[in-house]
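Visitor: I'd like to go through this model with you, pockets and metal first, then the strands. Can we start once it is on the screen?

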Amino acid sequence: MKVHEYQAKAFFAQYGLPVDRSVLCKTVEEAVAAYHSLDNEKAVVKAQIHTGGRGKAGGVKVANNEDELKRYAMQILGMEIKGFKVDRILVGEAVEIVSEYYVSIVVDRKSKSAILMLSREGGMDIETVAKNTPEKIHQIVIDPFIGLPDYLAREAAFYLFDDMSLVKQAVPLFQGLYKLFMEKDASLAEINPLVLAKDGKLKAIDAKMTFDNNALFRHPDVLELFEPTAEEQKEQEAKDKGFSYVHLGGEIGCMVNGAGLAMATMDMIKLYGGHPANFLDIGGSSNPTKIVEAMKLLLSDEQVRVILINIFGGITRCDDVAKGLIEAFQLIDVGTPIVIRLTGTNEEEGRSILKGTKFHVAKTMSEAGRMAVEQLSK
Ligand code: GDP
Ligand code: MN
């Protein structure tokens, strides 16, 4: 689960990390009021969205005076960055930056530990640094039984700083970040950039955190910040109905019983040049109400132009499934073409029940994939 920069900064502050003073604003008027309350000539205006790279997209601007601040606030509040509409901005005191560093803690699957990542080349080009000069990013594996005691934090700090006064500031900063990361079950805690300001102090001027969804039940303070996207909302609704659903963005909606079969169905669609709109496992039984619910879910996706139903009849026999499908489609009116493939117990009977209906009946999996893709061009 992602949170916004201002929310991550609130966690940082809670754990004693140095962050710049800032105020969250939803309107230009609020931004102007925030500017005055900060009582600083220069202010920074930052889009609050669930994605990085805001600086490069024009979502971070340093204003030199009130007029500029107003202009930037107006500009950024109306922006859309990588598909995210900006409805909130953070107005902060602009820090006079001497140099920018990169610090993060992430879960590393290879070492099965949290690792501390550090670079002297922090800032907006960290991706390029990671790609072209990975040796400039230092990684320290943190043993969960040892954590980050002073000597280790000091060792880490020397990767970033030569100056002892900065090392001394960095040690509690790294330790606080690690404590926050562990106690809140985060999967990422990133400061990019951590800056050395003109006054000689280290400051986190950006903050990024993501949290482990499976641990949210024990962190109500984090869960409270959850802002699902339209897709995530749909996925949650589907989950509540007992489906396993993942939105994928293609044009062929899939309804399948069994996760393995659903994966294979998606592969088949791809093989014939189509794009699956979703992964949907409707589970074992295929009673009409469940099919209707699943169908509604698929049809609520505006990109879906064809529906492919792929059912393996094991304990639930194919003739029952066919009857269930016919019953279900009497309950909802669907204009979208539907391709059905039934296999397993009593499949012949199932197919003959569907004969003469508006469904396109396929015998094999590849036939179903091909037919679904063909329907797209009709
Ligand atoms: P991101 O691009 O989404 O990661 O947004 P950041 O918060 O990291 O901001 C991008 C860049 O804007 C930083 O790397 C800084 O160079 C610059 N920036 C951000 N805040 C300030 C500030 O307070 N003062 C100054 N001078 N520059 C800032
Ligand atoms: Mn950043």
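Visitor: How many nonpolar, polar and charged residues are in the lining of the largest pocket?

Guide: This is a predicted model, and in it the lining of the largest pocket has 19 nonpolar, 11 polar and 16 charged residues.

Visitor: And how much space lies in there?

Guide: The largest pocket holds about 1100 Å³ of space. Its lining is made up of 46 residues, and those closest to the centre are Arg54, Met124, Asn192, Pro193 and Asp206.

Visitor: Now the metal: what coordinates the manganese ion?

Guide: The manganese ion (ligand 2) is coordinated by Asn192 through O and by Asp206 through OD, at 2.1 to 2.2 Å. Asn192 belongs to strand 10, whereas Asp206 sits in the loop between strand 11 (202-204) and strand 12, so the pair ties together parts that are 14 residues apart in sequence.

Visitor: Are those two buried or exposed?

Guide: Asn192 and Asp206 are both buried. Both are also among the residues closest to the centre of the largest pocket.

Visitor: What about the second largest pocket, what volume does it have?

Guide: Its volume is about 610 Å³. The second largest pocket is lined by 21 residues, and Asn213, Phe226, Glu232, Glu235 and Gln236 lie nearest its centre. By class, its lining has nine nonpolar, seven polar and five charged residues.

Visitor: Where does the largest share of that lining come from?

Guide: Helix 8 supplies the largest share, five residues. Helix 8 (230-240) and strand 13 (244-247) each supply at least two residues of the lining.

Visitor: Switching to strands: in what order do the four strands of the open sheet come?

Guide: The order is 1-6-2-3, and the pairing is antiparallel. Strand 1 (22-25) and strand 3 stand at the edges with a single partner strand each, so one side of each is left without a neighbour in the sheet. From one strand to the next, the twist averages 20 degrees.

Visitor: How many bridges join strand 2 to strand 3?

Guide: Four bridges join these antiparallel strands, and Ala43 stands opposite Ala63 in strand 3.

Visitor: And strand 8, how many of its residues are buried?

Guide: Strand 8 (residues 113-119) is mostly covered, with seven of its seven residues buried. Both faces are covered, with Ser113, Ile115, Met117 and Ser119 on one side and Ala114, Leu116 and Leu118 on the other.

Visitor: Which strands is strand 8 joined to by bridges?

Guide: Strand 8 runs antiparallel to strand 7 (residues 97-108), to which seven bridges join it, and antiparallel to strand 9 (residues 137-142), with six bridges.

Visitor: What does Lys112 do in the hairpin of strand 7 and strand 8?

Guide: That hairpin has four residues between the strands, and Lys112 takes a positive phi near 55 degrees in it.

Note on methods. Residues are numbered from 1 along each chain as its sequence is written. Chains are lettered from A and ligands numbered from 1 in the order in which they are written. This is a predicted model: local features need pLDDT of at least 70, side-chain atom pairs count only at pLDDT 80 or more; totals for chains, interfaces and linings use all residues. Side-chain values use heavy atoms; hydrogens and water are left out. Buried means under 20% relative accessible area, exposed over 50%, partly exposed in between (1.4 Å probe, protein chains only). Two strands pair if DSSP finds at least two bridges between them. On a 1 Å grid over the protein atoms alone, a cavity is a set of points where a 1.4 Å probe fits but cannot get out, and a pocket is an open set with protein on both sides within 12 Å along at least five of seven lines; lining residues have an atom within 4 Å of a point. Grid points are joined across faces, edges and corners, and a volume is the space filled by probe spheres set on the points. Ala, Val, Leu, Ile, Met, Phe, Trp, Tyr, Cys and Pro count as nonpolar, Asp, Glu, Lys and Arg as charged, and the others, Gly among them, as polar. Donors are N, O and S atoms within 2.8 Å of the metal (3.2 Å for Na, K and Ca); water is not among the atoms, so sites may look incomplete. Axes are lines fitted to C-alpha atoms, for helices over the stretch in contact, and angles run from 0 to 180 degrees between N-to-C directions.
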